Amino acid sequence: MTTRLINLSCLAISFVAFVLNLTANSSDRWWVAIKRQEFENVGLWQICFNHYRHRFDFYGKIYQGCWWVFSPEIYKIFSWISQPWFRAVQAFSTLSMVSMLFALIMTAVLAFSRELGKVSTRFILSTAMLTLTSALFMAIAVITFAVRGKDRDWMPRWQQNWYGWSFSVAVSSCILQVVSGSILLFEGTNMKLVKNYMEKMYIQRKRLFPPAPR
């Protein structure tokens with residue numbers, strides 16, 4: 001398999017990973033109700049209710065429909081929805097998406113470079129590390145959500161809720177980022193070792209076979 005084909009494969013994997021990352025961030029099916037109840041589903045930025053009344057809302061307001069988590073209409077229950085661990089998931093997921101966008105651009109530059117031999121190993125390794133960093137951010141987000149999403153003090157009727165397809169998409173994106181970053185890391189490391197070997201061989205050859213005196 002040629003180097004260009006490897007880079008194009010990494011570009012395709014990175015593109016799919018970014019699309020999945022973007023989908024997971026923008027969708028609202030991270031945590032969903034299995035049975036019909038007052039809570040329907042929640043994503044990182046949107047939550048949906050079905051005639052829900054919060055137990056600590058003494059005004060007795062009924063929440064119906066889907067809301068942006070920062071909407072003024074639900075500010076009274078904002079602290080309950082957006083708990084510290086949930087804000088951490090939002091932050092790490094967003095960092096992962098932004099990092100993956102820059103990694104995708106760098107992978108595209110690498111894949112469509114006309115002279116692959118002139119591409120520095122530092123650029124390849126930087127692309128690999130940025131991709132793996134994005135995967136790390138997403139891994140922290142999905143692990144945190146997997147552990148804390150089942151808290152009894154978060155969504156009502158926690159035993160009747162489960163992870164939605166948005167959560168599965170986020171996990172898939174994380175896996176693809178690891179695959180793409182690992183391939184680029186292997187390519188960059190291998191290229192660096194080859195260049196170091198060629199430089200040492202060139203120096204050794206000059207010592208063994210010095211130029212003839214004129």
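Reader: Leaving aside neighbours within four places in sequence, which residues is Cys-10 in contact with?

Author: Thr-107, Ser-180, Ile-183 and Leu-184. Bear in mind that this is a predicted model. For contacts, the idea is to look for heavy atoms within 4.5 Å. Cys-10 itself sits in helix H1, which covers residues 3–26.

Reader: How far apart are Cys-10 and Ser-182, in sequence and in space?

Author: They're 172 residues apart along the sequence, but C-alpha to C-alpha the gap is 9.6 Å.

Reader: And is Cys-10 buried or exposed?

Author: Buried means under 20% relative accessible area. Cys-10 comes in at 0% relative accessibility, so it counts as buried.

Reader: Let's turn to the rings. How many aromatic pairs are there in the whole structure?

Author: A search turns up 21. To read one, check the angle between the planes: over 60 degrees counts as edge-to-face. Take Trp-31 and Phe-145: their planes are at 75° and their centres 6.5 Å apart, so that pair is edge-to-face.

Reader: Where in the chain do Trp-31 and Phe-145 lie?

Author: Trp-31 is in strand E1 (residues 31–33) and Phe-145 in helix H4 (residues 121–148), so to speak distant parts of the chain, 114 residues apart. Both residues are buried.

Reader: What about Trp-31 and Tyr-163?

Author: Also an edge-to-face pair, with 5.0 Å between centres and 70° between planes. Tyr-163 belongs to strand E5 (residues 161–163) and Trp-31 to strand E1, so this pair ties together parts 132 residues apart in sequence. At 17% relative accessibility, Tyr-163 counts as buried.

Reader: Which cluster do ring pairs link Trp-31 into?

Author: One that includes Trp-30, Trp-85, Phe-86 and Trp-154, along with Phe-145 and Tyr-163.

Key:
Residues numbered from 1 in each chain as written. Predicted model: local features only at pLDDT ≥ 70, side-chain atom pairs only at ≥ 80, totals over all residues. Heavy atoms only, no water. Phe/Tyr/Trp six-rings, centres within 6.5 Å; stacked < 30°, edge-to-face > 60°. Helix = DSSP H or I, 4+ residues; strand = E, 2+ residues; numbered from the N terminus. Buried < 20%, exposed > 50% of the residue type's maximum accessible area, 1.4 Å probe, protein only.
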